[in-house]
Amino acid sequence: MSEQANTRVLSSGDVLFREGDRADCAYIIESGSLEISTHSEGQHVIICRLTAGEIVGEMGVIDSAPRTATAVALDETRLMVVTRNQLTERIAQADPILKLLVKILLDRYRSGLNKVKGDIGLIERDEELFSEDVVGEYIRHGIDKIRLEAELKEALKQQQLRVFYQPLLDIRRGQVAGFEALTRWRHPTRGQISPGLFITLAEETSLIVPVGLYVFEAACKQLAELQRLRAGTGQPTFMSINVSGRQIADRRFIEQAAAITDRHGIDRASIKLEITETLALDLARTETWIAHAHELGFQVSLDDFGTGYSSLATIYRLAVDYAKIDQAFVRPLNEDQRSVELLRGIVSLLRGLGLKIVVEGIEHQEQLDYVAQLGCDYAQGYLIGQSLDQDEARRILAEGPAGTQVPASSVG
Ligand code: C2E
Ligand code: CA
Ligand code: CA
């Protein structure tokens with residue numbers, strides 16, 4: 001038997017492992033074949049023959065129990081070693097529902113084996129992966145998620161999702177120029193569920209696609225109405241709509257979105273598609289998607305700039321029209337000079353790249369004054385307005401935001 005870093009090569013008749021051995025790794029068969037056998041009531045029983053592409057020895061590695069069968073090479077066999085760490089790390093990162101499934105399948109496998117062979121004994125649970133506390137957590141989490149997911153599907157059917165509109169101020173003109181569509185879920189028993197929770201859940205499943213289209217439809221309908229209200233005034237009105245990585249990955253989404261704008265007679269240049277960079281966002285795919293969105297006439301904005309995955313590398317690579325500076329840079333403005341300098345630097349960088357700048361999280365007049373002074377284009381935040389229902393959105397467009405003074409430095 002010869003061995004390289006993570007490869008093992010067996011000759012015909014070599015034993016890979018024996019029943020009862022401690023399990024410390026699994027193997028993927030690259031070539032050759034193995035015979036898997038066990039002992040039952042004193043008899044040698046052949047369980048199966050495994051060939052290239054199959055995995056062997058994975059069960060014991062997952063839960064630390066000893067090998068329940070013996071593996072012998074039938075001819076020259078090449079194996080790739082999968083270490084315990086490689087498997088357990090992946091399981092630890094998996095969705096709670098998948099963890100639960102692995103745990104249940106293992107338990108069934110073990111108890112089936114016990115029935116056939118008597119107690120195989122010596123089962124040491126992997127304390128970290130499958131301790132009672134941890135399993136309880138998987139169950140609570142997993143089941144909660146499955147329930148919420150089913151309820152979200154129903155909510156979509158029952159139209160329990162509602163779309164609200166947060167105003168954006170055109171800083172130079174001192175007027176509300178557009179809105180961001182934000183979803184809310186009014187659950188019949190749990191009350192209001194924040195989008196932070198259910199959008200994340202929807203993003204983990206393909207539910208974000210119908211949820212996203214629902215929001216898109218509602219937002220376009222509202223925009224068409226707002227634009228009718230302003231017809232003849234020469235003042236443009238836009239709508240920002242959030243688009244997640246999964247929607248970008250869904251080939252049909254952008255075409256369906258375009259069809260919705262056509263149906264409502266909306267000029268696509270008045271829609272800003274707001275993308276947030278998350279793990280689910282594939283940069284290469286997003287580059288192509290943005291080009292296509294531009295061909296169709298949409299505007300594109302990068303949300304939450306400066307935090308998480310929304311980094312310098314991203315803004316360098318993605319040909320967006322707008323960058324929305326995250327609220328995290330605005331919040332400490334009143335308290336500390338460093339954040340004042342940081343925001344100045346970010347704005348200057350984005351302007352250097354020729355982007356239009358939106359700042360979110362504006363809660364105080366001084367913050368608005370400062371971003372106006374820096375030359376930012378749009379401001380969004382509680383000072384200008386919270387998320388409003390359709391009627392309130394109409395009103396703020398007609399009457400302007402209450403209590404916000406147009407920054408003196410920006411008028412004219
Ligand atoms: P976001 O896109 O960054 O939206 C801004 C969030 O900040 C909103 O929270 C908004 O209500 C809140 N906000 C606005 N102004 C202020 C302010 O002055 N101060 C503070 N502290 N917060 C402010 P919301 O509505 O809870 O939404 C959370 C996130 O959920 C959104 O973050 C967005 O990523 C996501 N989301 C909401 N609706 C949708 C949707 O229809 N589709 C997708 N894909 N994501 C959505
Ligand atoms: Ca957003
Ligand atoms: Ca944001």
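Trainee: Which pocket does ligand 1 take up?

Mentor: A pocket is an open set of points on a 1 Å grid over the protein atoms alone, where a 1.4 Å probe fits, with protein on both sides within 12 Å along at least five of seven lines. Here, the space taken by ligand 1 is the largest pocket. The model is predicted, so local features need pLDDT of at least 70 and side-chain atom pairs 80 or more, while totals for chains, interfaces and linings use all residues. Residues are numbered from 1 along each chain as its sequence is written, chains are lettered from A and ligands numbered from 1 in written order, and side-chain values use heavy atoms, without hydrogens and water.

Trainee: Which polar side-chain or backbone atoms lie by the oxygen atoms of ligand 1?

Mentor: A polar contact is a pair of N or O atoms within 3.5 Å. A polar side-chain atom of Thr183 is 2.5 Å from a ligand 1 oxygen, and a polar backbone atom of Tyr382 is 2.8 Å from an oxygen of ligand 1.

Trainee: What are the protein donors of the calcium ion (ligand 2)?

Mentor: Donors are N, O and S atoms within 2.8 Å of the metal (3.2 Å for Na, K and Ca); water is not among the atoms, so sites may look incomplete. For ligand 2 they are Glu180, Asn242, Glu274 and Asp303, at 2.1 to 2.4 Å. Asp303 also coordinates the calcium ion (ligand 3), 4.1 Å from ligand 2.

Trainee: Are Glu180 and Glu274 buried or exposed?

Mentor: Both are buried, meaning under 20% relative accessible area (1.4 Å probe, protein chains only).

Methods:
Buried < 20%, exposed > 50% of the residue type's maximum accessible area, 1.4 Å probe, protein only. Polar contact = N/O pair within 3.5 Å; in protein donor to acceptor, adjacent residues only side chain to side chain. 1 Å grid on protein atoms, 1.4 Å probe; cavity = no way out; pocket = protein on both sides within 12 Å on 5 of 7 lines; lining within 4 Å. Sits in = over half its atoms within 2 Å of the grid points.
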